[in-house]
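Please open the model in your viewer and keep the selection panel at hand. The stops below proceed from a single residue to the pair of chains.

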2 protein chains.
Amino acid sequence: MDMKVRGKKFSFAVVRKTLPNGLRVEVDRIEHPGAVLIIPFLTKDKVVFLDQYRPVLGRYLLELPAGTLDKNERPLLCARRELIEETNYKAGRLQRLGRIYPVPGYSTEIIYIYKAEGLTREKGTKDKDEIIRPRILTKMEAKKIFRKGCIHDAKTICGLVLCGWL
Amino acid sequence: MDMKVRGKKFSFAVVRKTLPNGLRVEVDRIEHPGAVLIIPFLTKDKVVFLDQYRPVLGRYLLELPAGTLDKNERPLLCARRELIEETNYKAGRLQRLGRIYPVPGYSTEIIYIYKAEGLTREKGTKDKDEIIRPRILTKMEAKKIFRKGCIHDAKTICGLVLCGWL
């Protein structure tokens, strides 16, 4: 029998799998509902980033807005909702640029990446347990920070490549 | 008391943390030993990728060689070891290009990224539970595959950006 533990946002289990070569293995697996990453363009040359506190690491990271899908929530609607919650901006247009697996070795998580444009102000209700400060950067500023080795969040790097900023 | 479960490669726990604003929260946390990603340059224009079967996803992904640190293993030595195990190449030179957090929301995992050059053949012992096939690509081929939206592994995308291939 597989062992399964329910966390706050996902469940964790050690599961048995059969490989294409017939071998039976046990692997760690996080069953994750999926997530979105949003690249919010205020103008063609200004994107809203976040300085976000990550309790698991005990430090702040420079990231693009992102969030986990609610139960049965479609990625596009999640992107719209998370953008308002985290930045107080509503997207006029959302375009999907791609999708990534952040940790294919142990999590089913897939992150859908969206470019957001036509932003208008809309007051959102921030999750109380999220410590975030918006930080607006130009393309040149973002590139410079990346080259200095100061962007460490993998999904943010992927988003910036997909929108042509890196 | 925090609940903690030991998996095959790491442990999982729901832990209590105090945020910078004083709020006490419970968060999912994977305590991960860390990992490495290697970009093995056969020549200036040829890199060894892998088609790797990911049991958690039930599919193959195009990835760069990577692996988890053994207990007390230094990242550089892990990069050397994993490169031999996964590609049968020994690195003459390894240069660290950067480090990323693949899932800062729920895992302490940090991935150290290395460029490997001066490769020579060395027969390694592949983990039996890893289904991998080497696949050598030029920069143009890798870019084309990325543009078609066929590279989904986040760490591989980050590695390719850091070595100037994307």
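Is B:Asn72 buried or exposed? Select it: B:Asn72 is exposed, because 6 other C-beta atoms lie within 10 Å (buried means 20 or more other C-beta atoms within 10 Å of the residue's own, exposed 12 or fewer, partly exposed in between, with C-beta atoms placed from the backbone).

Before moving on, note that this is a predicted model, in which local features need pLDDT of at least 70 and side-chain atom pairs count only at pLDDT 80 or more, while totals for chains, interfaces and linings use all residues. Residues are numbered from 1 along each chain as its sequence is written, and chains are lettered from A and ligands numbered from 1 in the order in which they are written.

**The loop residue.** B:Asn72 lies in the loop between β7 (66–68) and α1 (75–87) of chain B; helices (H or I, at least four residues) and strands (E, at least two) are DSSP runs numbered from the N terminus. B:Asn72 is not a glycine, yet has a positive phi of about 65°. Most residues other than glycine have a negative phi. Next select A:Asn72, which also has a positive phi of about 65°.

Select strands β2 (residues 11–18) and β3 (residues 24–31) of chain A, which run antiparallel and are joined by 8 bridges; strands pair if DSSP finds at least two bridges between them. Here A:Ser11 stands opposite A:Glu31 in β3(A). Between the strands are 5 residues, and in this hairpin A:Gly22 takes a positive phi near 90°.

**The domains.** Colour chain A by domain: an automatic or database domain assignment gives domain 1 (1–31) and domain 2 (32–162). Their contact takes 6 residues from domain 1 of chain A and 7 residues from domain 2 of chain A, where contact requires C-beta atoms, placed from the backbone, within 7 Å.

**The two chains.** Show both chains: their contact takes 46 residues from chain A and 46 residues from chain B. On the side of chain A that touches chain B, the elements giving two or more residues are β2, β3, β5 (46–54), β9 (93–100) and α3 (154–162) of chain A.

How values were computed. Two residues are in contact if their C-beta atoms, placed from the backbone, lie within 7 Å.
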